[in-house]
Amino acid sequence: MTNSIPELEESDCILVTGSNTTEAHPLVASRILRAKQKGATLIVIDPRRTQIARYADIFVRQKLGTDVAWINGLMHIILKEGWENKEFISKRTEGIEELKKELENYPPEKVEEITGISRADLRRIAEAYAKAKNASIIYAMGITQHITGTDNVISLANLAMLTGNIGKASSGVNPLRGQNNVQGACDMGGLPDVYPGYQSVTNETIAKKFEESWNAKLSRKPGLTIMEMFQSIEEGKVKAMYIMGENPMVSDPDLKHVEHTLKKLELLVVQDIFLTETAKLAHIVLPGVSFAEKEGTFTSTDRRVQRVRKAIEPLGEAKADHEIICKIAKRMGNDSFNYDSEEKIFEEMTRLTPIYHGITYERIEKDGIQWPCTNSEDPGTPFLHKDQFSKGKGTFFPIPYREPAEIVDEEFPFWLTTGRIGFQYHSRTMSGVSPSLQKEAKEGYVEMNPFDAIQLGIEEGEKVKVISRRGTIEIKTKLSFNVGRNMVFIPFHYFESAANVLTNTAVDPISKIPEFKVCAVRLEKIEEENP
Amino acid sequence: MLDENIVSAILGLKLSHGHPIPFLFTKSSELGKWVFDESVRYPLTKILIKIAQKYPDQKIGVVVRGCDERSLIELFKNYQLQKDKVIAIGIPCSQDLANRCRCERPFPSEIEDGEFAKPVEDYSDIEEVEKLPEQERFLYWMSQFGKCIKCYGCRNICPACFCPSCTLEDENLIKPGGMPPEIPIFHLHKAYHMADRCIDCGLCEEACPMGIPVRRLYRKVKKAVKDLFGYIPGENEDEKGPLEFLGDGSYELPGTGK
């Protein structure tokens, strides 16, 4: 997030898109609802009428995968009406002319046709957002999990810069990161192209700094993303895989293909706290530890680095992840993996990572600190880009609208989007073993509009086949007006009725994220077999 | 008390990494980390139920405010704790906290130290909703309940909730799943169930992540029970609750106190 979770409460207008906030990020939702109570205008743009949408002043559904079009459409209206922040644009940004030129192609009539959002609604949204004193944008994977994920995010950044809603409190562009520490994992360099703190592996000075510290020769070439790894296994270039705390056998697209690929590996090592669907395919399973058995830090979605402390000692044979990694490194003949505590690892990271430089265990003993925090006096940074952007001026990138990778047709007439429910967590490795959570949501379902159900002769709770170009699943129906016509929604958590058997592996060209949020399917009744 | 073996342990708060947390003190040497902190309240008496289940023969001291003491009385009445195994260590609340809580009895019967705060009788929170026209009142509550994410936080923190199986999780009464859960039935079920048990500590409302004014609802029901039956939960140990009195004995729940 460019801004902080608590700041949301003081926002005058909050635009939530592609985020089922109450179910996936309830504490963020509670701040949004408090802002609403204080008089903020709440706008929700989502293909589904989510719980938070019921509290929106303006709620509209866009057609799946048309986000660039409606964002460009809003900017078109803002410019036409003169609602842009001219001072911010001239002082802090560059490239407005190029953006303006592209935006000419998005008049409201055309945007209405592409996105399904009426021109009147587009105008109301543009006006509420642009005229607010402090307007915040909240998004989650409904924006990123598209082949245009990067385009969608850049477009939202364009919208925020155009109206000067960035670089001040209670505004900004705020992605809600998943889990408790996805932000921290990325900060630590859990990405193929950067060292900790987003320092590029291709930068010579940076690479040298890490080589010196680690006393090792390091590659200047970015590694592979998940989807590229699977492709490289197919091509025989990747022969071994070491997976930690991830369950691609449920969470990756096109599961039949994932299974086929994982089975081709000469060596698969899985480190997890339970025997996941992926671990069942592994040659070696290593027992990691749960949050309660762990020391270290978690970094929340608003960049707040916080301490996590061990409540109990690791159970059974389980070991802290870093202990396992260091032991393997030693067996591989490297003896520089010597850390006598988690704090030592943290110290090494902060020494090499400018945005974490000023953070120590001592300073976050009681409460967390938000990065960047560059020295021991630095109190941290509640919101980013205050006086200037990290590169100086913010650049507007004109983004043309592109259709999703798969479009509905006669054979596959329904749009499918996938997502989460509040009672289950990702691939259910953890929530699936909780009896109370299981009781609330024990099996998957396909949510469909009752009118579509009537047309297909399908009843509430009936088991149906959902078929895409990749595979078929059998799943119970749940009829609800929360989804519009000609689209269905399936929570992806359940291995038994896995939505990801159906999803498309097409990826965003830059981030390489797969298009989990759009594909084409058809629904079929299951014919009863006559005895 | 620890040194003199009057109690085996004392349940209170200790400062842990700058934050007060509930802690079972078993040695007097640990008492250095003891804190009194009004900013954070925990349902210590509820935590005590778990401890008592594990160590039924031990006598344990517990720090109580006025509301905690009322909950103790309810827990004794409902056989969740044994009276002779609990020693209450009373602390008063500040007038400031009493005002914030609109507390009618911001002190336990005996206090170790400090001054009694003045009781606050203020039902303006309920009156505010009551004066709304019916339709608006209905919409007010439905919109509040609609925010519920069914985390059960209000139940889990409640020092007067202790049933081994909860009606809120009974499939025959309330459909599993749902964010929000079935409304208003989910919240009304709890309100009905708490009518003669709620000791009005307000922890439920503090715990609610979605800011639903659940205490307002329970206070309303509690007031109805007071007006109809003249009964106040947590006040008199020998007096049975009207719902229990009228009931079929299902209220007599298994617990260490029985």
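Two strands are taken to pair if DSSP finds at least two bridges between them. In this predicted model, 6 strands of chain A close into a barrel by such pairing, whereas 4 strands of chain B form an open sheet. The model scores ipTM 0.90 and pTM 0.92. The points below cover confidence, the domains of both chains, the barrel, the open sheet and the contacts.

**Confidence**

- Chain B has an average pLDDT of 89, and 95% of the residues score at least 70.
- Among the elements of chain B, helix α5 (residues 134-145) has the highest mean pLDDT, 96, and helix α10 (residues 242-246) of chain B has the lowest, 68.
- Where pLDDT is low, the predicted coordinates should not be read in detail.

- The domain assignment of chain A gives domain 1 (6-176), domain 2 (178-220 + 289-314 + 341-375) and domain 3 (414-525).
- Taken over C-alpha atoms, the centres of domain 2 of chain A and domain 3 of chain A are separated by 36 Å.
- The barrel of chain A has the strand order β16-β20-β17-β19-β18-β21, with mixed pairing.
- On average, neighbouring strands of this sheet are turned by 45° against each other, direction ignored.
- Strand β16 (residues 414-419) of chain A runs parallel to strand β20 (residues 487-491) of chain A, and 5 bridges join them.
- Thr418(A) stands opposite Ile490(A), which lies in β20(A).

- Strand β1 (residues 9-16) of chain B and strand β3 (residues 60-64) of chain B run parallel and are joined by 3 bridges.
- Leu11(B) has Val62(B) of β3(B) opposite it.
- Helix α1(B) packs on the sheet, where it touches β1, β2 and β3 of chain B; the direction of α1(B) makes about 165° with that of β3(B).
- Helix α2 (residues 66-77) of chain B also packs on the sheet, touching β3 and β4 of chain B, and its direction makes about 160° with that of β4(B).

**Chain B: Val40(B)**

- Val40(B) is located in the loop between β2 (19-25) and α1 (44-54) of chain B.
- Val40(B) counts as exposed because 12 other C-beta atoms lie within 10 Å, and the cut-off for an exposed residue is 12 or fewer.
- Although 27 residues apart in sequence, Val40(B) and Leu13(B) are 9.6 Å apart in space, C-alpha to C-alpha.

**Chain B: contact between domains**

- Chain B is divided into domain 1 (9-101) and domain 2 (124-246), and the C-alpha centres of these domains of chain B lie 24 Å apart.
- Their contact takes 15 residues from domain 1 of chain B and 13 residues from domain 2 of chain B.
- On the side of domain 1 of chain B that touches domain 2 of chain B, α1 and α2 of chain B each supply at least two residues.
- The largest share of that side, 7 residues, comes from α2(B).
- By class, that side of domain 1 of chain B has 6 nonpolar, 4 polar and 5 charged residues.

**Contact between chains**

- The contact of the two chains takes 14 residues from chain B and 16 residues from chain A.
- The residues of the side of chain B that touches chain A divide into 6 nonpolar, 6 polar and 2 charged.

Terms used. Residues are numbered from 1 along each chain as its sequence is written. Chains are lettered from A and ligands numbered from 1 in the order in which they are written. This is a predicted model: local features need pLDDT of at least 70, side-chain atom pairs count only at pLDDT 80 or more; totals for chains, interfaces and linings use all residues. A residue is buried if 20 or more other C-beta atoms lie within 10 Å of its own, exposed if 12 or fewer, and partly exposed in between; C-beta atoms are placed from the backbone. Two residues are in contact if their C-beta atoms, placed from the backbone, lie within 7 Å. Axes are lines fitted to C-alpha atoms, for helices over the stretch in contact, and angles run from 0 to 180 degrees between N-to-C directions. Ala, Val, Leu, Ile, Met, Phe, Trp, Tyr, Cys and Pro count as nonpolar, Asp, Glu, Lys and Arg as charged, and the others, Gly among them, as polar. Domain bounds come from an automatic or database domain assignment. pLDDT is the predictor's confidence in each residue, from 0 to 100.
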